[in-house]
Every structure is written in structure tokens, then in C-alpha cells.
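Please look through the sequence and the model below before reading on. The paragraphs that follow go through some of its local features one at a time.

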Amino acid sequence: MSAASPSGDRAEAQARAVVQAVREQQSASAAARTAGVASRLEKVLAAFAAERVGTQHFASLTGYGHGDQGREVLDRVFARVLGADKAAVRLQFVSGTHAIAAALFGVLRPGDRMLAITGRPYDTLEEVIGLRGAGQGSLAEFGVRYDERDLKADGSVDLQALDEALEQPTRLILIQRSCGYSWRPSLSIAAIEAVCQHIHARQPDCICFVDNCYGELVEEREPSEVGADLIAGSLIKNLGGTIAPTGGYVAGRADLVEQACCRLTAPGIGSEGGTGFDLHRLVLQGLFLAPQMVAEALIGADLVAGTFAALGYSVQPAAQAPRSDLIQAVQLGDPEALKVVCRSFQSCSPVGSYLDPVPAAMPGYASDLVMAGGTFIDGSTSEFSADAPLRPPYNLYVQGGTHRSHIELALIRALAALQTAGLVDLPHTG
């Protein structure tokens, strides 16, 4: 192995000094986020205890899976943690998008109107709705009408525009909690509670559906505890604790969850079928680990925000600001900078560190993506990853992280690489 160059050593020393200075500035907020683990873990432990989880629930039935006690206990545990009437946790969901699509197709009928009130939904839902593509059986092709309203400039729901939209009968309102690939703050639980109350006061039968991806266990309460009728998300994000091998969930009102399950399986089977492939232990253990993992990811997000802000980049949200999801956006403003950061993060990954991320098409996305994600579970954004659509203004979206030290090491490597490439001037340390 060749020795590092003097300029490379100097860049790394400067990068380390920048990151460590930000870490020290954030010590109080990091301690507060760590302290918040206890209440969330207590909630998880209470659910395990109430459902009398035992080793017998780790096994699964084969075939149809009818009467699978492990699956039934898993559903009840998640329902308690999420504050929902019912939950369906299934490894047959291949992603959060799949869980959301099953919920939408399960609940909506031809002629129904669906309204998105947090702007254009995440890229992977565009083909589900029918905003892109044709011939694949989108909601639009099944006669579901779609409309959307943008958020206000400050990132809040535009209640005046919502009231105007609610002058028409609306079956379902989609609320995306996370920013996705948008430059906006995530929606807080308090904001979700207020808007659900607003909607139900005007149309009591309208379903408030929350895309909960990236948001679970970030705040003390979940959307299903504050008025959301139905929520959905992925197990390879927050709730899987980085060890669930695949899957997703839907939770909320029992009748709506059952309708979503009828779309996942078949009418008449619904939530009563499906094996867990003897993987219930990993899902339950992931849920147990999730509060700690989420806190570490939040601390890491603060570190990313503080570091890039110190170098003059725009970040969303600001470091140490209140958060409602795990995503940290950084406006790099340059495609080469995006590639350098993603390559650095990939090189600091435990899996596939030798790979070179290059922009490429990704199923469900409108733009080419450059992605760094050397994770043990493929695509597990809770393990620390970063990706970016290759389009102006070239925003980087960082998410996840099992422990803050990993994020710190990856940041140091990225800053040193940016300095070496002449894309940023790091402060001199003397």
C-alpha cells in the first residue's frame, strides 16, 4: 500500500478538526437525543410485555400461514407501539412504497378522489398514482382522481388551499411526513395532528393517510395516535432497527388495515394469511433496537448539518433543530461534489467499500440517482446511506446511521476528498 501524500494527510487533519469542532458544539443536543431513547424504549418494552412475547413466537407456520401465532403477536406489538387499532407487519411488502401502494389500492375505489396536501409525493409514488408511466395499472387507470396542493413557503400546510380543495368530496388525503426529495422541513406530529383535526371537522369520513417513512420513533407520538386513520412505512428504515431483512407495515383503523391486506393478499384472505419465513425474531429484535438506532441517526444528522453549514452550504433542517424524520438534506450545488461525497461515504461503508457509485437509472425514480449505501441489508437507509437525484440544485439526502462514530468517520473522509478535489476550502488548523 502506498503512503498517503502530504497534501492528503493535511486535508484529512483539517477535515477531522472541522468535524470534531462541530461535534463538541453539539454535545448538549446529542445528550438530549440520547436521553430521549428511554421513553421510546419503554413504550416498546411495554408492548412486548403486554403481548407476552416469547421464543415460541420466533417460529412461523409454512404454506398459507393460517393461525400463525408469531405473525399475530408481531402485529399486535407493532399496533401498540404505533398507537393504532391494528397493524399488519409483513415481509411480503418489498418496500415502503409497496406498503403505501397496497393501502391506497385497498382503500380507494373507481371514482374516488385522492388529494395530496404536502406537494408532489415522493418519486416512487408517481407511477403508483399515474403521474408518470402508463399501462401498469396505476390508480389513475382504475379511475381514481388525483389532485394536490403545495405547502406554503415556510413548509406548513396551506389551510386555505385545503379548505378550497375540500369543497369537493374527498375519499383520502395523503400526507407525506418526510421531505422525500423536496427541499422542505418534515411535518411534525403536532402539525399532522392539527391538519387531521381540520380535515375531519370538514369531512368526517375522509381518510387521513400518512406516509410515515423515515419518521417512526423520531418523536414521542406517532401519526396514528393523533388522528391519522391509516399509516404505512418500511421495515428497512426506522422500525427494523437495521436488522429486519425486508418488509413493511400498515397500521391504523382496523377496517382500513384489513382492506390494505386484502390488496396485499386477496379479498377473503386479507391479514389472515402469509408466513413469516421464521424471521419474526429479527423483526421483533429490530423493533427493540430501533429507539437507540433512531437516536444515533438523529445525532448523526445533526453532525452532517452542522459540518456542511460551517462550510457555507445550505442545509435542511438546521443542525440541532426539532426533527420529525431522519433525513438530512445538503445543497451541494455541483454534480461533481455529489459524486465525491457519495464515493467517500461508500468507501467508509462496511459492505462494498470498494464500489464506485455512479449515476444510474433506478426503478420508480424520474431522474438518474447517485447512491452510497454499503449496507448489510440491501437498500437499508437506516444503516447510513446517502443518495441524490442528479438534477439541479444537486441536493444530497443523507439518512440513517447505527452509531454516530460511523457518520463522523464518513464525514471526515468526504470533507478531505472535497478539499483534495478543490471543491471546498477547509479552514486551516495551524
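**Backbone, charges and cysteines**

D278 sits in the loop between α9 and α10. The model is a predicted one, and in it D278 has a positive phi of about 60 degrees, although D278 is not a glycine. Most residues other than glycine have a negative phi, and most peptide bonds are trans. D278 is partly exposed, with a relative accessibility of 49%.

F384 also has a positive phi without being a glycine, here about 100 degrees. The loop that holds F384 runs between β10 (369-372) and β11. F384 counts as buried, because its relative accessibility is 4% and buried means under 20%.

The backbone also has cis peptide bonds to look at. One of them joins Q316 and P317, with omega at about 0 degrees. P317 belongs to the loop between β8 (314-316) and β9 (328-331). Another cis bond runs from P392 to P393, and its omega is near 5 degrees. P393 is in the loop between β11 (385-389) and β12 (395-399).

Next come the charged side chains. Side chains of opposite charge can pair when their charged atoms come close. How many salt bridges does a search of the whole structure find? The search finds 24.

K86 is partly exposed at 22% relative accessibility, and E258 is partly exposed with a relative accessible area of 22%.

Another salt bridge joins E148 to R120, with 2.8 Å between the closest N and O atoms. This pair, too, links distant parts of the chain: E148 lies in strand β3 (residues 145-148), while R120 lies in the loop between β2 and α6, 28 residues apart. R120 is partly exposed, with a relative accessible area of 39%.

K339 counts as buried at 17% relative accessibility, whereas E336 is partly exposed at 39%. Elsewhere, salt bridges that share partners join R33, D302 and R323 into one network.

Q259 counts as partly exposed, at 25% relative accessibility. Which residues does Q259 touch, not counting those up to four places away in sequence? They are G106, V107, R109 and R171. The C-alpha atoms of Q259 and F105 are separated by 8.6 Å, although these residues are 154 apart along the chain.

The loop between β2 (113-116) and α6 (126-129) contains T118. T118 is buried, with a relative accessible area of 7%. The T118 side chain reaches the backbone nitrogen of Q176 at 3.0 Å. Setting aside neighbours within four places in sequence, T118 is in contact with R149, L151, L174, I175, Q176, R184 and L187.

The cysteines raise a separate point. A disulfide is a covalent bond between the sulfur atoms of two cysteines. The structure holds zero disulfides. C196 is buried, with a relative accessible area of 0%. For C262, the closest cysteine sulfur is in C261, at 7.2 Å, and this is also too far for a bond. C262 is partly exposed, with a relative accessible area of 21%.

The last stop is on the surface. L45, F288 and L289 form a nonpolar patch there, and together they have about 240 Å² of accessible area. Of these residues, F288 lies in helix α10 (residues 280-310). F288 is partly exposed, with a relative accessible area of 37%.

Note on methods: Residues numbered from 1 in each chain as written. Predicted model: local features only at pLDDT ≥ 70, side-chain atom pairs only at ≥ 80, totals over all residues. Heavy atoms only, no water. Patch = residues over 30% accessible without salt bridge, like charges linked within 9 Å, V, L, I, M, F, W, Y side chains within 5 Å. Areas by Shrake-Rupley, 256 points an atom, 1.4 Å probe, with all protein chains shown as cover. Salt bridge = Lys/Arg side-chain N within 4 Å of Asp/Glu carboxyl O. Helix = DSSP H or I, 4+ residues; strand = E, 2+ residues; numbered from the N terminus. Buried < 20%, exposed > 50% of the residue type's maximum accessible area, 1.4 Å probe, protein only. Polar contact = N/O pair within 3.5 Å; in protein donor to acceptor, adjacent residues only side chain to side chain. Contact = heavy atoms within 4.5 Å. Disulfide = S-S within 2.5 Å.
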